Amino acid sequence: MSVYQQQADNLYNHLIDMEAGAEPEQLFLCSYLLGHISLASAEDGETAEQLKQQVEYSLDQAFKVDKLSEQDISDIRSLWKNLTETHS
C-alpha cells in the first residue's frame with residue numbers, strides 16, 4: 001500500500017472517529033471531508049503531499065458549485081488544515 005493510500009485511510013478513519021461524537025455542525029464538516037477523501041483515495045498517488053493536493057483540488061472544485069456559506073467553507077478548510085497538520 002502506498003503512503004498516499006495509507007494517509008487517505010488514516011485521515012478517513014480519524015474523521016470517522018470524530019464523527020462518532022460530533023455535534024451537528026461538526027458532523028456536517030466531517031461528512032463533507034469524508035466524501036472528498038474518498039474521492040481522492042480512488043486516484044493514483046504515491047505521497048501524502050499528493051493526497052493533500054488532490055483533496056484540496058477536489059474541495060476547490062466543489063466550492064465553486066456547492067451552495068455553501070462562507071463560514072462553512074472556512075470551517076471545512078480549517079478542519080482539513082488541522083487534520084493535515086496533525087496526521088501527516
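Q: Where do Phe28 and Tyr32 lie, and how many residues apart are they?
A: Both lie in helix α2, four residues apart, which is about one turn of the helix. Helices here are DSSP runs (H or I, at least four residues; strands are E, at least two), numbered from the N terminus.

Q: What am I looking at, before we go on?
A: It's a predicted model: local features need pLDDT of at least 70, side-chain atom pairs count only at pLDDT 80 or more, and totals for chains, interfaces and linings use all residues. Residues are numbered from 1 along each chain as its sequence is written, and side-chain values use heavy atoms, with hydrogens and water left out.

Q: OK, back to the rings. How many aromatic pairs are there?
A: The count comes to two aromatic pairs. Rings of Phe, Tyr and Trp (its six-membered ring) pair if their centres lie within 6.5 Å; planes under 30 degrees apart are stacked, over 60 edge-to-face, and the rest tilted. Phe28 and Tyr32 form a tilted pair, at 5.9 Å centre to centre and with 50° between the planes.

Q: Which residue does Tyr32 form a stacked pair with?
A: That's Phe63: the two rings are 6.0 Å centre to centre, with 15° between the planes. This pair links distant parts of the chain, with Tyr32 in helix α2 and Phe63 in helix α3, 31 residues apart. Phe63 is buried, and so is Tyr32. Ring pairs link Phe28, Tyr32 and Phe63 into a cluster.

Q: Switching topic. How many residues are in the largest nonpolar core?
A: There are 22, and those with the most contacts inside the core are Leu15, Leu33, Leu59, Ile76 and Trp80. A nonpolar core is a set of buried Ala, Val, Leu, Ile, Met, Phe, Trp, Tyr and Cys residues joined through side-chain atoms within 4.5 Å.

Q: Which elements give two or more residues to it?
A: Those are α1 (3-20), α2 (24-41), α3 (48-65) and α4 (70-86). The largest share of this core is from α2, with seven residues.

Q: What does Leu33 touch?
A: Leaving out residues up to four places away in sequence, Leu33 touches Leu15, Leu59, Ile76, Leu79, Trp80 and Leu83. Contact means heavy atoms within 4.5 Å.

Q: At what angle do α3 and α4 pack?
A: About 175°, with their axes 12 Å apart. That makes α3 roughly antiparallel to α4. Under 35 degrees counts as roughly parallel, over 145 as roughly antiparallel, 65 to 115 as roughly perpendicular and the rest as oblique. The axes are lines fitted to C-alpha atoms, for helices over the stretch in contact, and angles run from 0 to 180 degrees between N-to-C directions.

Q: Which residues meet there?
A: From α3 there are Lys52, Val55, Glu56, Leu59, Asp60 and Phe63, and they meet Ile73, Ile76, Arg77, Trp80 and Thr84 in α4. By class, this contact has six nonpolar, one polar and four charged residues. For those classes, Ala, Val, Leu, Ile, Met, Phe, Trp, Tyr, Cys and Pro count as nonpolar, Asp, Glu, Lys and Arg as charged, and the others, Gly among them, as polar.

Q: Now a few single residues. What about Leu34, buried or exposed?
A: Leu34 is buried, with a relative accessible area of 8%, and its place is in helix α2. Beyond four places away in sequence, Leu34 touches Tyr12, Leu15, Ile16 and Glu19.

Q: And where is Asp75?
A: Asp75 is in helix α4 and counts as partly exposed at 22% relative accessibility. Not counting residues up to four places away, Asp75 touches Glu25 and Leu29.

Q: Where is Thr47, then?
A: Thr47 is in the loop between α2 and α3. This residue is partly exposed, with a relative accessible area of 35%. Residues up to four places away aside, Thr47 touches Val3 and Tyr4.

Q: Last one: is Lys64 buried or exposed?
A: Exposed, with a relative accessible area of 63%. Lys64 is in helix α3.

Key: Buried means under 20% relative accessible area, exposed over 50%, partly exposed in between (1.4 Å probe, protein chains only).
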